[in-house]
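Hi,

Here is the structure I promised to pass along. Have a look at it first, and my notes follow below.

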Amino acid sequence: MKFSAKNELIRLDEYYPNSDLKHIYQIHREKIIVLLNTLELVWKQNKLDEESSQILTEGLKNPWEVVFYFLVGKEINLMTGKIKGIENLILEGIEDKRWQTRFNTIVIMKGFKNKEIRKIVLEKALNDKSVKVREMAMDVKNYW
């Protein structure tokens, strides 16, 4: 996989200064840099170690959709079946004690191709204690 943290950051840095979200981007930029570097490292090493797993989990917990969905979610989807441990990261996300993490985990399932993991996550989300998570699970279910 040819993922370049530098190229992604350049793309984001070119877009957000002219966006109405430039302030939010500046708040999250340092976290985004760490996430992008971690994603590149995971792709290069072809493995998910403990530190990388923690960083990606923090990205999955992030409330800004650009971070948890377009950066982390997209790459997690691409890594499934290729990088050992990614599936566990997703399953831990849907079991997290914070509703936001469980919500983010079900949201990334919209772009998810692995049917086995998608089915497990969707089933758990449909029975979640959070109304928001259950509603998003229904949306994802209807999407697929």
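**What I found**

Helix α5 (residues 86-95) and helix α6 (residues 99-108) pack at an angle of about 130°, and their axes lie 7 Å apart. That angle makes α5 oblique to α6, because under 35 degrees counts as roughly parallel, over 145 as roughly antiparallel, 65 to 115 as roughly perpendicular and the rest as oblique. Helices here are DSSP runs (H or I, at least four residues), numbered from the N terminus. Axes are lines fitted to C-alpha atoms over the stretch in contact, with angles running from 0 to 180 degrees between N-to-C directions.

A word on the source: this is a predicted model, where local features need pLDDT of at least 70, side-chain atom pairs count only at pLDDT 80 or more, and totals for chains, interfaces and linings use all residues. Residues are numbered from 1 along each chain as its sequence is written, and side-chain values use heavy atoms, leaving out hydrogens and water.

Back to the helices. On the α5 side, Ile90, Gly93, Ile94 and Glu95 meet Thr101, Arg102 and Thr105 of α6 (contact means heavy atoms within 4.5 Å). By class, the residues of this α5 and α6 contact are two nonpolar, three polar and two charged (Ala, Val, Leu, Ile, Met, Phe, Trp, Tyr, Cys and Pro count as nonpolar, Asp, Glu, Lys and Arg as charged, and the others, Gly among them, as polar).

Next, α2 (residues 22-45) and α3 (residues 50-61) pack at about 135°, axes 10 Å apart. That pair is oblique too. From α2, Val34, Leu35, Thr38, Leu39, Leu41 and Val42 meet Ser52, Ile55, Leu56 and Gly59 in α3. That contact of α2 with α3 has seven nonpolar, three polar and no charged residues.

Now the rings. There are five aromatic pairs, counting rings of Phe, Tyr and Trp (its six-membered ring) with centres within 6.5 Å; planes under 30 degrees apart are stacked, over 60 edge-to-face and the rest tilted. Tyr69 and Phe70 make an edge-to-face pair, 4.9 Å centre to centre with 85° between the planes. Ring pairs also link Tyr15, Tyr16, Tyr25 and Trp64 into a cluster.

Finally, Leu21 sits in the loop between α1 (5-15) and α2. Leaving aside residues up to four places away in sequence, Leu21 touches Tyr16 and Trp64. Leu21 is partly exposed at 29% relative accessibility (buried is under 20% relative accessible area, exposed over 50%, partly exposed in between, with a 1.4 Å probe and protein chains only).

Cheers

Notes. Helix = DSSP H or I, 4+ residues; strand = E, 2+ residues; numbered from the N terminus.
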